[in-house]
Amino acid sequence: MKLIDIGLVDDTNKNLTEHLNSDYDALGEKLSRHAIDIDEITKKASQLAVAVPSWGVGTGGTRFARFPGIGEPRHVFDKLEDCSVINQLTRVTPTVSLHIPWDDENPTELKDKASTLGLRFDAMNSNTFQDQPEQTHSYKFGSLSHSESQTREQAIEHNLRCIDIGKQIGSSALTVWVGDGSNFPGQSNLTKQFERYLDSLRTVYAALPNDWQLFTEHKMYEPAFYSTVVQDWGTNLLIAQELGEKASCLVDLGHHAPNVNIEMIVARLIQFKKLGGFHFNDSKYGDDDLDTAAIDPFRLFLVFNELVDAAHTHGDSFAPAYMLDQSHNVTDPIESLMSSAIEVQRAFVLAMLVKRDELENYQNANDVIMAAKTLKQAFLTDVEPILAKSRLTNGGAIDPIAVYRQSGYRQRVAKVRPMVTGAGGGIV
Ligand code: PSV
Ligand code: MN
């Protein structure tokens with residue numbers, strides 16, 4: 001089922017195809033001078049898949065307030081519809097990552113709805129950073145690492161439930177991010193707290209089906225402001241190494257100290273076979289959850305430079321999970337997610353343009369300027385025609401945002417989705 005009129009997509013594409021073809025040919029000619037086959041690149045670009053977070057299609061907020069958008073999804077089934085619009089027009093987001101309990105609905109109905117919309121499910125996300133109405137033990141002072149065993153058991157149970165739901169809807173990974181930590185020096189014994197976390201996670205790990213993966217996500221601060229149990233990639237790597245083969249690290253681009261060299265972290269995790277996947281977003285100051293590549297597209301390119309380099313070395317066995325994780329406070333989430341998914345694809349394409357043999361020669365010869373120039377040359381290429389061509393060939397829109405706006409989708413759904421107002425703050 002397609003929620004945007006196919007006739008509209010086709011008509012808009014028809015008007016743009018002639019210009020696209022001439023831009024594509026011109027770029028193809030330019031790339032061929034560097035022995036790059038544009039069609040090969042376009043083919044690889046169209047094989048890329050980025051998961052959309054179910055929570056991303058709602059309007060987010062800050063710690064201070066949330067300003068609702070119009071026609072926000074009322075529940076997970078509305079969210080899936082919005083996700084299908086993103087995929088219909090961009091053709092790079094065939095999967096959705098659910099958050100439990102935010103999306104806790106009958107698994108059969110979830111699966112049916114997704115397959116009607118041509119979607120599948122990516123990693124399950126557990127939520128033990130928030131208390132739920134009927135919950136017995138509070139997570140105010142932690143969950144998997146809580147000082148009391150009953151609270152830890154409750155958090156473990158929740159993760160097991162996420163696996164169970166995931167099994168029924170065709171997911172094959174669990175992402176665990178906890179808000180556990182402390183707000184004051186002395187509040188917690190840092191070592192014992194981490195031991196408790198590891199013990200809890202061992203139980204979760206033991207329940208993973210054979211073909212599943214466990215991604216743990218580190219974050220330096222927030223909601224805990226003095227210490228965080230899984231604060232950085234070092235701790236994350238320790239966890240993955242302690243747990244075993246099915247465990248690996250998830251890198252959310254917003255979860256590091258300012259100016260941290262994220263591509264280096266990525267390189268290290270790849271080297272030790274512990275890079276599980278990403279939550280893409282962008283930031284200026286902290287975990288801003290801004291749209292991917294909105295602030296620093298070069299950094300995203302450098303991350304993909306490591307990924308493409310690793311794919312050359314490790315081949316098909318190297319397949320980290322790509323997900324977006326953003327909060328849209330002032331834009332239409334569908335527009336933000338469409339352009340963000342395309343930015344991930346752009347970074348991938350640009351990284352494929354890097355002349356790796358030449359780069360290696362420059363590196364070995366310590367020709368610093370030429371090495372840096374080799375990266376810049378790829379980064380500065382306008383690959384829009386490749387991205388648009390890949391969408392067109394896959395049945396998407398050459399200009400997704402223009403088609404989306406013309407379709408009136410948001411206004412249409414707003415008629416049945418009441419605006420949720422409220423003074424409360426909240427990140428998601
Ligand atoms: C935490 O900041 C995080 O990045 C985790 O991935 C959560 O699951 C997500 O955001 C939800 O807000
Ligand atoms: Mn995240």
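**Exposed loops, a parallel sheet and its helices**

Phe272 is found in the loop between α8 (262-271) and β9 (275-280). The structure described here is a predicted model. Phe272 is exposed, because 12 other C-beta atoms lie within 10 Å, and a residue with 12 or fewer such neighbours is counted as exposed. The C-alpha atom of Phe272 is separated by 40 Å from that of Ile401, a residue 129 positions away along the chain.

The strands form an open sheet. This sheet has 8 strands, arranged in the order β1-β2-β3-β4-β6-β8-β9-β10, and the pairing is parallel. Its edge strands are β1 (52-53) and β10 (321-324), each of which pairs on one side only. In general, the strands of a sheet pair through backbone hydrogen bonds, in either a parallel or an antiparallel manner.

Two pairings within the sheet may be considered in detail. Strand β3 (residues 120-127) pairs with β4 in the parallel sense, over 4 bridges, and Met124 stands opposite Leu174 in β4. Strand β6 (residues 213-217) and strand β8 (residues 247-252) run parallel and are joined by 4 bridges. Here Thr216 stands opposite Cys249 in β8.

Strand β4 (residues 173-177) is mostly covered, with 5 of its 5 residues buried. Both faces of β4 are covered: on one side Ala173, Thr175 and Trp177 are buried, and on the other Leu174 and Val176 are buried as well.

The crossing of α3 and α10 is right-handed. On the α3 side, the contact involves Asp82, Val85, Ile86, Leu89 and Thr90, which meet Ile334, Leu337, Met338, Ala341 and Ile342 in α10. By class, this contact has 8 nonpolar, 1 polar and 1 charged residues.

The crossing of α1 and α13 is left-handed. The residues in contact are Asn13, Leu20, Asp23, Tyr24 and Leu27 of α1, together with Pro385, Ile386, Ala388, Lys389 and Leu392 of α13. By class, the contact of α1 with α13 has 7 nonpolar, 1 polar and 2 charged residues.

Leu8 is also found in helix α1 (residues 6-32). Leu8 counts as partly exposed because it has 15 C-beta neighbours inside 10 Å, a number between the cut-offs of 12 or fewer for exposed and 20 or more for buried residues. When neighbours within four places in sequence are left aside, Leu8 is in contact with Val403, Gln406 and Ser407. From C-alpha to C-alpha, Leu8 and Gln326 are 29 Å apart in space, and 318 residues apart in sequence.

Key:
Residues are numbered from 1 along each chain as its sequence is written. Chains are lettered from A and ligands numbered from 1 in the order in which they are written. This is a predicted model: local features need pLDDT of at least 70, side-chain atom pairs count only at pLDDT 80 or more; totals for chains, interfaces and linings use all residues. A crossing is left-handed if the near helix is turned anticlockwise from the far one by less than a right angle, and right-handed if clockwise. Two residues are in contact if their C-beta atoms, placed from the backbone, lie within 7 Å. Ala, Val, Leu, Ile, Met, Phe, Trp, Tyr, Cys and Pro count as nonpolar, Asp, Glu, Lys and Arg as charged, and the others, Gly among them, as polar. Two strands pair if DSSP finds at least two bridges between them.
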